[in-house]
Amino acid sequence: MSNSKQTSGACVYCGREMTRGGLARHLRACAQRQQAIATANAQRGSDQTLYHLQVQDAWSGAFWLHLEMRGNATLKDLDFYLREIWLECCGHLSAFEIGPVSYTQISSYGMDISYGQEKSMNVRVHRLFRPGMEIPYEYDFGTTSELLIKVVDQRQGKPTTENPIVLMARNTFQSPKCGICENPGEWVCAECLWDNGAPDVFCAAHAETHEHEEMLMPIVNSPRTGMCGYTGPAEPPY
Ligand SMILES: [Zn+2]
Ligand SMILES: [Zn+2]
Ligand SMILES: [Zn+2]
Ligand SMILES: [Zn+2]
């Protein structure tokens, strides 16, 4: 599947459609978002640092998310969110790379331990995140999905929802065209995907007659489409 053109998506606060980079700037200034923040900040409770994160697939950049994350939430919360919205197929391991340290699911008898350059994901992100940071993330060390997390901005105040992470925008799903006709592709063949030149995306009708029927995977709004046993649904967990 090739999908190199710029994708756009809508701001959840005001509905305006923009590119990934346009939204990175827009979300700082969006009047409706500022309103939601002012309402949250007027509530009781203590302030914390909240981070604007831009997450994208490391290769094409066609799939992306703009998230707001609480500073007192952990890398584990972010890992959970990314698995739910984009990645989870068979419970593979994953890791965030921050400087020389790899933050993973390491655990021993139910206890998180740390040794060498590997540490537990069970760490609050305000201890690690600073604006301008770029954090590579990998899910599944076999058939790897590589993401890049950019810390775009931070603010001091109160969260706008009860959840550790808020989805502020994501790329609108654009189904690729069927490799045989002009209809929207609904299935990708995991066999033909690695065979240069052969059509690998099929509409419903052409999927039915494709020779590798057992290798067809649904195409969803996720960079993990067609990889390992991934079948979506590519929906946020909350
Ligand atoms: Zn907006
Ligand atoms: Zn898998
Ligand atoms: Zn077709
Ligand atoms: Zn095939």
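Predicted model: local features only at pLDDT ≥ 70, side-chain atom pairs only at ≥ 80, totals over all residues.
Residues are numbered from 1 along each chain as its sequence is written, and chains are lettered from A and ligands numbered from 1 in the order in which they are written.

**View 1. The chain is divided into domain 1 (8–170) and domain 2 (175–221).** These bounds come from an automatic or database domain assignment. Between the C-alpha centres of domain 1 and domain 2 the distance is 32 Å.

**View 2. The largest nonpolar core has 39 residues.** A nonpolar core is a set of buried Ala, Val, Leu, Ile, Met, Phe, Trp, Tyr and Cys residues joined through C-beta atoms within 7 Å. A residue is buried if 20 or more other C-beta atoms lie within 10 Å of its own, exposed if 12 or fewer, and partly exposed in between, with C-beta atoms placed from the backbone. Val55, Leu67, Met69, Leu82 and Phe96 have the most contacts inside the core. The elements that give it two or more residues are helices H1 (20–29) and H3 (75–87), together with strands S3 (48–57), S4 (64–70), S5 (94–98), S8 (134–139), S9 (145–157) and S10 (165–170). Helices (H or I, at least four residues) and strands (E, at least two) are DSSP runs, numbered from the N terminus. H3 supplies the largest share of this core, 7 residues. A second, separate core has 9 residues, among them Val188, Cys192, Val201 and Ile219.

**View 3. Phe96 lies in strand S5.** Phe96 is buried because 23 other C-beta atoms are within 10 Å. Leaving aside neighbours within four places in sequence, Phe96 is in contact with Leu75, Tyr103, Met121, Ile135 and Tyr137; contact means that the C-beta atoms, placed from the backbone, lie within 7 Å. Leu75 and Phe96 are 21 residues apart in sequence, and their C-alpha atoms are 8.1 Å apart in space.

**View 4. Helix H1 has the buried residues Arg20, Leu23 and Leu27.** Down the axis of H1, its buried residues fall within an arc of 45°, so they line one face of the helix. The arc is that of the directions from the helix axis to the C-beta atoms. Exposed residues Gly21, Arg25 and Ala29 are carried on the face of H1 turned away from its buried side. The cover over the buried residues of H1 includes strands S1 (8–10) and S2 (17–19), helix H2 (31–41), and S3, S4 and S10.

**View 5. Asp140 has a positive phi of about 75° although it is not a glycine.** Asp140 counts as buried because it has 20 C-beta neighbours inside 10 Å.

**View 6. An open sheet of 8 strands has the order S7-S6-S5-S8-S9-S3-S4-S10.** Its pairing is mixed, where two strands pair if DSSP finds at least two bridges between them. Strand S7 (118–120) and S10 are the edge strands, each pairing on one side only. From one strand to the next the twist averages 30°; axes are lines fitted to C-alpha atoms, for helices over the stretch in contact, and angles run from 0 to 180 degrees between N-to-C directions.

**View 7. Strand S6 (residues 101–104) and S7 run parallel and are joined by 3 bridges.** Thr104 has Ser120 in S7 as its bridge partner. S6 also pairs with S5, in the antiparallel sense over 4 bridges, and Ala95 has Thr104 in S6 as its bridge partner. The hairpin of S5 and S6 has 2 residues between the strands, and Gly99 takes a positive phi near 60° there.

**View 8. An open sheet of 3 strands has the order S12-S11-S13, with antiparallel pairing.** The edge strands, S12 (201–202) and S13 (216–218), each pair on one side only. Strand S11 (residues 187–189) is joined to S13 by 3 bridges, and Leu216 in S13 is the bridge partner of Cys189.

**View 9. Cys228 and Pro233 are found in the segment after S13.** Cys228 is a residue other than glycine with a positive phi, near 45°. Cys228 counts as partly exposed because it has 18 C-beta neighbours inside 10 Å. The peptide bond from Gly232 to Pro233 is cis, with omega near 15°.

Definitions and conventions. Contact = placed C-beta atoms within 7 Å.
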